[in-house]
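Subject: Handing over a structure, with notes

Dear colleague,

I am passing a structure on to you, and below it you will find my notes on what was found. Please read them with the structure open beside you.

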Amino acid sequence: MSQADRLALKRADDEARQASKRAMLLNVNEVFGPTVQGEGPHAGRRATFLRMAGCNLACSWCDTAYSWDWSRYERDRETHPTSPVDVAEDIARRGADLLVITGGEPMLQQPGLARLLPILRSGWGSGQVDVETNGTIVPNERLGIDLYVVSAPCSSSSSRRRTTWTRRTRSS
Ligand code: SF4
């Protein structure tokens with residue numbers, strides 16, 4: 001094998017490692033709290049919020065477009081690739097026993113959430129996890145989410161997708 005071939009192979013290997021590393025990260029828009037959940041079945045509860053970057057819809061009335069609309073907001077500024085361990089530590093440190101995962105559309109990042117939640121639960125006791133979703137992506141049962149709050153896009157939202165599933169709570 002020539003030196004040029006060896007270098008090309010090494011470069012391809014490095015790129016594959018970097019891609020694999022990036023795939024292990026969560027694209028976080030923001031973590032904030034503790035604060036008070038202002039809506040849904042857990043309104044009034046003390047909660048930490050994890051807002052995921054990216055959405056598969058583009059609702060005209062969206063009030064969190066900064067988490068997905070890269071034509072109006074800077075992706076690099078609004079998206080923070082973060083390891084599940086770092087996200088779990090941040091959430092646990094905030095001290096609320098309710099985590100609300102929102103977006104954007106959190107269900108776009110189920111593989112990352114599947115890594116985050118066991119880490120979080122191992123150091124967080126009996127905390128509860130809610131997901132706020134647009135309902136267009138079927139969640140994996142094994143995520144073990146306690147409550148899904150589905151806000152289905154309406155006909156005036158300019159979004160093409162519609163809710164394709166209904167969900168129940170694990171405990172709430
Ligand atoms: S689904 Fe939610 S986050 Fe996505 S565009 Fe619509 S309102 Fe915004």
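A residue is called buried here if 20 or more other C-beta atoms lie within 10 Å of its own, exposed if 12 or fewer do, and partly exposed in between, with the C-beta atoms placed from the backbone. By that count Gly103 is buried, because 25 other C-beta atoms lie within 10 Å.

Two points on the source come next. This is a predicted model, in which local features need pLDDT of at least 70 and side-chain atom pairs count only at pLDDT 80 or more, while totals for chains, interfaces and linings use all residues. Residues are numbered from 1 along each chain as its sequence is written.

Gly103 is placed in the loop between β4 (98–102) and α4 (110–122), where helices (H or I, at least four residues) and strands (E, at least two) are DSSP runs numbered from the N terminus. Neighbours within four places in sequence aside, Gly103 is in contact with Arg51, Met52, Cys55 and Ser67, contact meaning that the C-beta atoms of two residues, placed from the backbone, lie within 7 Å. Trp68 is 35 residues from Gly103 along the chain, and their C-alpha atoms are separated by 8.3 Å.

Gly103 is also one of the residues around the ligand, a list including Cys55, Cys59, Cys62, Glu105 and Asn134; a residue belongs there if its C-beta atom, placed from the backbone, lies within 6 Å of the molecule.

Turning to the strands, β4 and β5 (128–133) run parallel and are joined by 4 bridges, and DSSP must find at least two bridges between strands for them to pair. Leu98 stands opposite Gln128 in β5. In β5, 6 of its 6 residues are buried: Gln128, Asp130 and Glu132 point one way, and Val129, Val131 and Thr133 the other way. Leu99, leaving aside neighbours within four places in sequence, is in contact with Ala47, Thr48, Leu50, Ile91, Gly127 and Val129.

As for the helix α3 (84–94), its buried residues are Val87, Ala88 and Ile91. Seen down the helix axis, these buried residues fall within an arc of 100°, so they line one face of α3; the arc is that of the directions from the axis to the C-beta atoms. The buried residues of α3 pack against β1, β2, β3 (80–82), β4 and α4. Just after α3, Gly95 takes a positive phi of about 85°.

With best wishes
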